[in-house]
Amino acid sequence: MKHLSASGRVALGAGLSCLLMGGFVLAGWWLDVPSFRSLLTPAGYMKANSALGFILAGAALALNVTPAVRRWDWFVAAVLSALVTLIGGLTLAEYLLGTNLGIDELLATDFGGDEIAPPGRMSVNGAVGFVLAGHALTLLNGQPRKRRRPMA
């Protein structure tokens, strides 16, 4: 942490914030605490798939901000980034194809829903956001960087 630049510390904070927020919302679904599911807006709930996307994206970002990313960290961040893209992409496919792939309520049962989105399905905007965020995290991931030797 002490070797991180100011922007690295901000990125680490953002990644950890996303991870914690997603975890908080997902816990709200599992523990049936409505106020946890509507963390920031009283008008609606964050869907469980969206919460998972935030957890994965936050973890990928947090793994990528250190000056020296080990191969294992790099690999895990690459997998997490791909999963973020996959969650958004599968949800977009559900909307575009007018089908239900069964992924919307894998994590939690949602009794809501409307004429636009079936129960448990994140919005189209959310799905597009996760596809773009997943791609951005993949590009950020790049390749493993060599460890810097500490200065004497």
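Biologist: Is the crossing of α3 and α5 left-handed or right-handed?

Modeller: A crossing is left-handed if the near helix is turned anticlockwise from the far one by less than a right angle, and right-handed if clockwise. The crossing of α3 and α5 is left-handed. The contact is made by S50, G53, F54, A57, A60, L61 and N64 of α3 and F130, L137, L140 and N141 of α5, where contact means heavy atoms within 4.5 Å. By class, this contact of α3 with α5 has seven nonpolar, four polar and no charged residues. Here Ala, Val, Leu, Ile, Met, Phe, Trp, Tyr, Cys and Pro count as nonpolar, Asp, Glu, Lys and Arg as charged, and the others, Gly among them, as polar.

Biologist: What kind of model is this, and how are residues numbered?

Modeller: This is a predicted model, in which local features need pLDDT of at least 70 and side-chain atom pairs count only at pLDDT 80 or more, while totals for chains, interfaces and linings use all residues. Residues are numbered from 1 along each chain as its sequence is written, and side-chain values use heavy atoms, with hydrogens and water left out.

Biologist: How many helices and strands does the protein chain have?

Modeller: Helices (H or I, at least four residues) and strands (E, at least two) are DSSP runs, numbered from the N terminus. The protein chain has five helices and zero strands.

Biologist: At what angle do the axes of α3 and α5 cross?

Modeller: Two packed helices are described by the angle between their axes and the distance between the axes. Axes are lines fitted to C-alpha atoms, for helices over the stretch in contact, and angles run from 0 to 180 degrees between N-to-C directions. The axes of α3 and α5 cross at roughly 15 degrees and come within 10 Å. Angles under 35 degrees count as roughly parallel, over 145 as roughly antiparallel, 65 to 115 as roughly perpendicular and the rest as oblique. The helices α3 and α5 are therefore roughly parallel to each other.

Biologist: Are α4 and α5 roughly parallel or roughly antiparallel to each other?

Modeller: The axes of α4 (residues 71–97) and α5 (residues 124–141) cross at roughly 155 degrees and come within 8 Å, so these two helices are roughly antiparallel. In this pair, α4 passes α5 in a left-handed crossing. By class, the contact of α4 with α5 has twelve nonpolar, nine polar and no charged residues.

Biologist: How do α1 and α3 pack?

Modeller: Helix α1 (residues 6–31) and α3 pack at an angle of about 155 degrees, with axes 7 Å apart. They are therefore roughly antiparallel to each other, and α1 passes α3 in a left-handed crossing.

Biologist: How many residues of α3 are buried?

Modeller: Buried means under 20% relative accessible area, exposed over 50%, partly exposed in between (1.4 Å probe, protein chains only). In α3, 14 of the 17 residues are buried. For the protein chain, buried residues make up 38% of its 152 residues.

Biologist: Where does M122 lie, and which residues does M122 contact?

Modeller: M122 lies in the loop between α4 and α5. At 2% relative accessibility, M122 counts as buried. Leaving aside neighbours within four places in sequence, M122 is in contact with residues including K47, I87, T91 and F130. T91, in helix α4, also counts as buried, at 0% relative accessibility.
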